[in-house]
Amino acid sequence: MGKDLNRNEFVATATWNTADGALADNASATSGVWIPEGALITKAYYYVETSMQDDDNGDSQTLALGYTGATGAFVAAIAISDATNVWDAGAHGTLVGMGANLGADAAHDSALEVIALNAATFIQTTADVELLLTTGSERTVDTGKLTVWVHYVQTGKLA
């Protein structure tokens with residue numbers, strides 16, 4: 001028996017780089033990277049190599065990170081200039097696999113509680129989905145490069 005029989009976690013990786021062409025306003029920049037129907041997405045994070053900027057450097061443009069049918073599944077639409085700096089250079093977490101409502105109670109006194117909070121963020125796909133970076137209707141994004149990693153397992157549960 002080969003070692004590959006136990007390989008059951010997959011990582012989808014997509015990169016958007018404005019050096020390959022600016023991101024138009026009010027559009028979804030496709031990645032060509034697909035996650036299959038029946039996948040259970042357990043974690044996602046991204047790395048911004050070059051901070052995102054729009055074409056007037058006012059950075060009022062919003063960006064969202066997600067997939068077909070749920071464009072803000074990983075990062076909801078938020079302006080590049082937002083004080084949270086989610087589109088600035090560096091490593092960033094997402095809404096998936098990072099603990100839902102960790103501030104809801106101060107105790108979090110058991111590993112099971114934290115595990116349940118993380119599991120509440122998992123996503124089950126009901127169709128094949130493509131990873132997307134979606135822009136709002138403000139401006140063109142002409143500077144930036146980011147890569148997202150999405151961890152998933154195949155459940156075999158098809159819609």
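Two strands count as paired if DSSP finds at least two bridges between them, and strands here (E, at least two residues) and helices (H or I, at least four) are DSSP runs numbered from the N terminus. The views below come from a predicted model, where local features need pLDDT of at least 70, side-chain atom pairs count only at pLDDT 80 or more, and totals for chains, interfaces and linings use all residues. Residues are numbered from 1 along each chain as its sequence is written, and side-chain values use heavy atoms, with hydrogens and water left out.

**View 1. Four strands make an open sheet, in the order E2-E8-E4-E5.** The pairing is antiparallel, and E2 and E5 are the edge strands, each pairing on one side only. From one strand to the next, the twist averages 10° (axes are lines fitted to C-alpha atoms, and angles run from 0 to 180 degrees between N-to-C directions). Zoom in on E4 and E5 and you'll find 4 bridges joining them. Here Leu65 stands opposite Val75 in E5.

**View 2. The largest nonpolar core has 32 residues.** A core like this is a set of buried Ala, Val, Leu, Ile, Met, Phe, Trp, Tyr and Cys residues joined through side-chain atoms within 4.5 Å. Leu65, Phe74, Trp87, Leu131 and Leu133 touch the most other members. Strand E3 (39-54) gives the most to this core, with 6 residues. As for Leu133, its contacts (heavy atoms within 4.5 Å), leaving aside neighbours within four places in sequence, include Trp16, Met52, Leu65, Trp87 and Leu146.

**View 3. Tyr46 and Trp87 form a tilted aromatic pair.** Their rings sit 5.7 Å centre to centre, with 40° between the planes. Rings of Phe, Tyr and Trp (its six-membered ring) pair if their centres lie within 6.5 Å; planes under 30 degrees apart are stacked, over 60 edge-to-face, and the rest tilted. Tyr46 is in E3 and Trp87 in the loop between E5 and strand E6 (90-93), 41 residues apart. Tyr46 counts as buried because its relative accessibility is 1% (buried means under 20% relative accessible area, exposed over 50%, partly exposed in between, with a 1.4 Å probe and protein chains only). Trp87 is buried too, at 0%.

**View 4. Thr121 lies in the loop between helix H1 (111-119) and strand E7 (123-124).** With 11% relative accessibility, Thr121 counts as buried. Its side chain reaches the backbone nitrogen of Gly97 at 2.6 Å.

Technical notes. A polar contact is a pair of N or O atoms within 3.5 Å; within protein, one must be able to donate a hydrogen and the other to accept it, and residues adjacent in sequence count only if both atoms are side-chain atoms.
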